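Trainee: Could you take me through this structure step by step, with questions and answers?

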Amino acid sequence: MLPSPSRLPPASTPGNAASMSNARDGSRSANRPNRWVPWAKVVVFLLALAPLLRLVVYGLTDQLGANPVEFITRSTGTWTLVMLCITLAVTPVRRVTGMSWLLRFRRMLGLFACFYAALHFATYFWLDQWFDWASILRDVTGKRPFITVGFVAFVLMALLAITSPHAVMRRLGGRRWQRLHRAIYAIAVLSILHYWWMKAGKNDLAEPLIYAIVVTGLLGARVIWALRRPLRRQS
Ligand code: HEM
């Protein structure tokens, strides 16, 4: 689901995101099979499902508080943002530590971000708005700008999720696929804006500020690496 910002090999034989990045690195260790990775993927999968399980358990045991819809909306929104940040962290952490196997988890993490965004959106249109499409349309088209921005982020996320399978990547061609998946950076910015806007109305910007700093760091690292690349080639 996510591109790395650096240069790509020719798109004639597009592989998946991990193999493309590995090829760029020239990292031989990245191509060594890590037999434990499939097991680790199962663990990551179960961990990523934990926030949903928590909501189900809270729902069944009447622990969702005085306003269950608000609780679910906020929990799914927060986990969308957390999954997005973890997905965006994969490339910088891999670059700093050399742990190329991290790339093998990136698509799953990105898809979980989209999964929680879908639950978040479903909570809004189902439990909050009760399928009042006229009201939803008003919100999405600008009555509540933070929802407009969140909706755009969600639509882009869904587009990346749909185009994440290897077969679609091959169809699109590596370069076009990578260009499309750079939308993840716009999604991150829009998500912060959505959160910021929502909390600004309540004069409570402490938490959005933390996420804004994290996302700025994750995107800023990419910008710095991208700017340094030509310099390195000249020297
Ligand atoms: C990538 C997309 C999105 C992300 C990352 C995101 C994230 C968030 C976050 C972090 C919160 C605040 C949670 C808290 O207060 O602790 C939130 C609240 C909310 N979001 Fe989203 N959101 C996204 C998309 C959407 C969409 C598509 C809609 C509806 C069309 C939406 C509607 C809402 C609503 C109604 C709230 C609660 C507002 C309130 O409690 O007053 N979000 N979202």
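Trainee: How far apart do the end C-alpha atoms of residues 108–127 lie?
Mentor: This is a predicted model, in which local features need pLDDT of at least 70 and side-chain atom pairs 80 or more, while totals for chains, interfaces and linings use all residues. Residues are numbered from 1 along each chain, and side-chain values use heavy atoms, without hydrogens or water. UniProt, in an unreviewed entry, lists residues 108–127 as one "transmembrane region", an annotation that may be inferred rather than shown by experiment. The span is 100% helix and 0% strand (DSSP runs of at least four residues for helices, H or I, and at least two for strands, E, numbered from the N terminus), and its end C-alpha atoms lie apart by 27 Å.

Trainee: And how far apart are the ends of residues 180–197?
Mentor: UniProt lists this span under the same feature name, and the model makes it 94% helix and 0% strand. Its end C-alpha atoms are separated by 26 Å.

Trainee: Which arrangement do the donor atoms form around the iron atom of the ligand?
Mentor: Donors are N, O and S atoms within 2.8 Å of the metal (3.2 Å for Na, K and Ca), and His120 and His194 each coordinate the iron through NE2, at 2.0 Å. His120 belongs to helix α4 and His194 to helix α9, so the pair ties together parts 74 residues apart in sequence. Six donors count as octahedral if opposite ones are over 155 degrees apart and all others between 65 and 115. Here the six donor atoms subtend angles of 87 to 180 degrees, and therefore the arrangement is octahedral.

Trainee: Is His194 buried or exposed?
Mentor: Buried means under 20% relative accessible area and exposed over 50%, with partly exposed in between (1.4 Å probe, protein chains only). Because His194 has a relative accessible area of 18%, this residue is buried.

Key
Tetrahedral: all angles 85-135°; square planar, octahedral: opposite > 155°, others 65-115°.
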